[in-house]
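Visitor: I would like to learn how to read the features of a structure like this one. Please show it first, then take me through it.

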Amino acid sequence: MSAAWKSALSKNLQELRLLVSTTSPGSKGLREFVENSYIELKKSNPLFPILVREKTEVDATVIARYEYGVEQAVRVEGMDQGQVAKAVQLLVEQGQQESSSS
């Protein structure tokens, strides 16, 4: 993953929520993303809230909260780890566009 968007996480978003199933094969990519990227993201953004919500039956989803409570959700069910990372990156970049247009 490119490092540029990771440090922009806390600048462009207010919160990042990851809804992941503990058992569903469709959540495998998101589970792998959490296992392999969470620590690095927290090191780059130590005070930024990254919330991982685990449930047995939930579609894998990434939710970004922007300024003024605006939220954008992306369903990542069935995606691999790289596709999930790209989805998160796009949400971060969208946040940059939102804040520059305000």
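Guide: We start with a term: a polar contact is a pair of N or O atoms within 3.5 Å, where, within protein, one must be able to donate a hydrogen and the other to accept it. Keep in mind that this is a predicted model.

Visitor: Which side chain makes a polar contact with the side chain of Asn-45?

Guide: That of Ser-10, and the distance in the model is 2.9 Å. Asn-45 sits in the loop that links helix H2 (28-44) to strand S2 (50-55).

Visitor: Is Asn-45 buried or exposed?

Guide: The cut-off for buried is under 20% relative accessible area. Asn-45 has 2% relative accessibility, so it counts as buried. Setting aside neighbours within four places in sequence, its contacts are Lys-6, Ser-7, Leu-9 and Ser-10.

Visitor: With which residues is Leu-9 in contact, leaving aside its neighbours within four places in sequence?

Guide: Asn-45 is one of them, and the others are Leu-16, Leu-41, Phe-48, Ile-50 and Val-92. Leu-9 also belongs to the largest nonpolar core, which has 24 residues. Along with Leu-13, Leu-16, Leu-30, Val-62 and Val-88, Leu-9 touches the most other members.

Visitor: Which elements give two or more residues to this core?

Guide: Helix H1 (3-12), S1, H2, S3 and helix H3 (81-101) do. The greatest share comes from H3, with six residues.

Visitor: Let us step back to the fold. How many helices and strands does the protein have?

Guide: There are three helices and four strands. Along the principal axes, the C-alpha atoms fill a box of roughly 40 × 25 × 20 Å.

Visitor: What part of the contacts in the protein with a separation of 6 or more comes from residues 24 or more positions apart?

Guide: Such residues account for 70% of those contacts. As for burial, 38% of the 102 residues count as buried.

Visitor: Where do the parallel and antiparallel senses occur?

Guide: Take the pairs in turn. Strand S1 (residues 15-21) pairs with S2 in the parallel sense, over six bridges. In that pair Val-20 stands opposite Glu-54, and Ser-21 faces Lys-55. S1 and S3 run antiparallel and are joined by five bridges, with Arg-17 opposite Ile-63. S3 and S4 also pair in the antiparallel sense, over five bridges, and Ile-63 stands opposite Ala-73 in S4.

Visitor: How many of the seven residues of S1 are buried?

Guide: Six are, and S1 is thus mostly covered.

Visitor: What should I look for in backbone angles?

Guide: Most residues other than glycine have a negative phi. Tyr-68 is not a glycine, yet it has a positive phi of about 60°.

Visitor: Where is Tyr-68 placed?

Guide: Tyr-68 is in the loop between S3 and S4. The hairpin of these two strands has five residues between the strands.

Visitor: Is Tyr-68 buried or exposed?

Guide: Exposed means over 50% relative accessible area. Tyr-68 has 73% relative accessibility and therefore counts as exposed.

Visitor: What of a residue that falls in between those cut-offs?

Guide: Gly-82 is such a case: its relative accessible area is 48%, so it is partly exposed. Gly-82 is found in helix H3. Gln-94 lies twelve residues from Gly-82 along the chain, and their C-alpha atoms are separated by 18 Å.

Technical notes
Residues are numbered from 1 along each chain as its sequence is written. This is a predicted model: local features need pLDDT of at least 70, side-chain atom pairs count only at pLDDT 80 or more; totals for chains, interfaces and linings use all residues. Side-chain values use heavy atoms; hydrogens and water are left out. Buried means under 20% relative accessible area, exposed over 50%, partly exposed in between (1.4 Å probe, protein chains only). Contact means heavy atoms within 4.5 Å. Two strands pair if DSSP finds at least two bridges between them. A nonpolar core is a set of buried Ala, Val, Leu, Ile, Met, Phe, Trp, Tyr and Cys residues joined through side-chain atoms within 4.5 Å.
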